[in-house]
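Here are my notes on this model, written as numbered points. Have the coordinates open as you go through them.

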Amino acid sequence: MTPAELSQAVQVAVRTAVEAGELSVDVPEQVTVERPKNRDHGDYATNVALQLAKPAGMPPRAVAELVAARLRELPALAAVEIAGPGFLNITLDAATQGELARTVVETGEAYGRNEALLGLKINLEFVSANPTGPIHIGGVRWAAVGDSLARVLKATGAQVTTEYYLNDAGVQIGKFATSLQAAALGRELPADGYVGEYIADIAKAITDGVPGILALPEAEQLEIFRTQGLALMVAEIKRSMTEFGTHFDTWFSEKSLHDSGAVEKAIERLREQGHVFDEDGAIWLRTTDFGDDKDRVLIKADGETTYFAADAAYYLSKRDRGSEVSVYMLGADHHGYVNRLKAIAACAGDDMDRNIEVRIGQFVKMLRDGEEVRMSKRAGNIITIDDVVDWIGVDAARYTLSRSSTDSTITLDINVLTSQTNENPVYYVQYAHTRMCGVARKAAELGVDKGTAADFRPELLATSWEKDLLGELGEFPRIVAKAGELREPHHVARYLESLAGTYHRLYENCQFLPKGDEELTDTHRARLWLVEATKTVLANGLGLLGVTAPERM
């Protein structure tokens, strides 16, 4: 029995009491059941009686007695006890709990998937670093978290479009082109330009690819350096994202908003909503009506369009393309964008608490030998995605960057993340998977298998270690749903670490295979089912984080 099935059983018990006239309440649409921290309190607990007591006009323990009486009629439950002010502590029958191993194995890759966000259309934008240099460490965090979140959201039934917003218009692109031109001509790079070996590399690629470019008038040169440099940098970003296992459905050009007239159309749409006004020769959006600290300029008095105008057009583009919820994942230096972006949604007539979400990710530091690493040879004063991958690998980077809430600053210790010790969280989880694969290989060598479903005797999975592991396996769908609803994939990573620890304890205390001349027993077979179930869940969870589940290490 899964926690979801137990929740339904409690709900049915309440409904039965209502239909019998014993309770006068609305049957709750959902009933929460949780794993108690103290195993002596049963396998699961629910506070449904406390929730229903006031509307029922009865003491919580009296409500609990009515619900418990019906639950005790279920053969799947070994015990239902009332505790404290009215909690119900529920212990599953051993066979019922053990049956979960078969459910997981037979469900396979689909186990953990659910319909918590079924059909919700989400546009998930992340990384979106300016295409003027390699992806830096902050962008690497979003590449890991954003891609993992997309996988989690899809596993909860949402329709997700992942998107990279290319800021390919404006001042920074001009500075990038000027830097490339200066490098090609052997001039000193502009003080406000871009530095690093990658600038010289791109400049050389352009001069090699466009013979005679340096003989052209400098204005013509500059345009070629702008267009060619941008194309090469975008190609480099796409390469690094692909190698990091991060996929984008759409690469959206800011320049296209200007070229297509979408910015002007967006301003008119917002004016029709009554939130655009003219003042001092400029055109403004009255965002202060919706919590922004000041109104925002859309078009300056000199006729120049602002970045904010493009932001407004971009949000409307997402909505026009079918997004119900637009999720922006921004770095800590963009904290001031939260209110202004939400105000755009409100000015467009949307619900700024539902149709738009702005997530802020904090900074990342890297340590080696106890010292902070700050520099990249190729990119100057930043650490790039290629540096991170070279130092610790894709799996360690993705897992470690996804295992903490984005609200917190994190430190990646290169020494720890390249070690094969339990201090390395990705090694700890992956090693548990390899142990399970090792059990399967050893069983094959002995000519032993778990048998058919008809051979499986779930009631034999009765030790405390087996019960703990089964309880963990049952939590996986709920963890995935929680991670999707909260937009926090780190819940999956933390769950996997707990699951791996529970399996490691089982491995140390239970015998999976016959030794020497021992005969194969039904207990051995049942445990092989449990091992395969756990291996399935670990692999499924790692897959949601874009991390491999190795068979050997």
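1. One definition before the helix pairs: a crossing is called left-handed if the near helix is turned anticlockwise from the far one by less than a right angle, and right-handed if clockwise. By that rule, α4 and α17 cross in a left-handed way. Keep in mind that this is a predicted model.

2. Now the geometry of that pair. Helix α4 (residues 94-107) and α17 have axes that come within 9 Å and cross at roughly 55°. That angle makes α4 oblique to α17. On the α4 side the contact uses Q97, G98, L100 and A101, which meet K467, L470, G471, L473 and G474 of α17. Sorted by class, the residues of this contact are 4 nonpolar, 4 polar and 1 charged.

3. Helix α17 (residues 464-486) also packs against α5 (residues 137-155): their axes come within 8 Å, with a crossing angle of roughly 115°. The crossing of α5 and α17 is left-handed too. Here L149, V152, L153 and A155 from α5 meet V480, A483 and G484 from α17. The α5–α17 contact divides into 6 nonpolar residues, 1 polar and no charged.

4. What about the bigger picture? The protein chain has 19 helices and 14 strands, and its C-alpha trace spans about 85 × 65 × 40 Å along the principal axes. Of its 553 residues, 52% are buried. Looking at contacts with a separation of 6 or more, 70% are between residues 24 or more positions apart.

5. Which residues have the most contacts inside the largest nonpolar core? They are L124, V127, I135, Y399, L496 and Y503, in a core of 104 residues. Helix α5 supplies the largest share of this core, with 11 residues. There is also a second, separate core of 31 residues, which includes V263, A310, Y328 and I360.

6. Leaving out residues up to four places away in sequence, L124 touches G146, L149, A150, L153, V160, T161, T162, E163, V327 and M329. Among these, L149 and L153 turn up again in the contact of α5 with α17.

7. V327 lets you look at that contact from the other end. V327 sits in strand β10 (residues 325-331) and, at 0% relative accessibility, counts as buried. Beyond its neighbours within four places in sequence, V327 is in contact with I122, N123, L124, E125, E357, R359 and R487. The C-alpha atoms of V327 and F126 are separated by 8.4 Å, although the two residues are 201 apart along the chain.

8. Helix α14 (residues 394-402) has 8 of its 9 residues buried, so it is largely enclosed by the rest of the structure. The buried ones are D395, A396, A397, R398, Y399, T400, L401 and S402. Y399 is also one of the residues with the most contacts inside the largest core.

9. Finally, two backbone spots to check. Most residues other than glycine have a negative phi. D280, however, has a positive phi of about 55°; D280 lies in the loop between β7 (276-279) and β8 (282-285) and counts as exposed at 67% relative accessibility. For D369, phi is positive as well, near 55°. D369 is in the loop between β12 (364-368) and β13 (371-373), and its 59% relative accessibility makes it exposed.

Note on methods:
Residues numbered from 1 in each chain as written. Predicted model: local features only at pLDDT ≥ 70, side-chain atom pairs only at ≥ 80, totals over all residues. Heavy atoms only, no water. Axes fitted to C-alpha atoms, helices over the stretch in contact; angles between N-to-C directions. Helix = DSSP H or I, 4+ residues; strand = E, 2+ residues; numbered from the N terminus. Contact = heavy atoms within 4.5 Å. Nonpolar A, V, L, I, M, F, W, Y, C, P; charged D, E, K, R; others polar. Core = buried A, V, L, I, M, F, W, Y, C linked by side-chain atoms within 4.5 Å. Buried < 20%, exposed > 50% of the residue type's maximum accessible area, 1.4 Å probe, protein only. Parallel < 35°, antiparallel > 145°, perpendicular 65-115°, else oblique.
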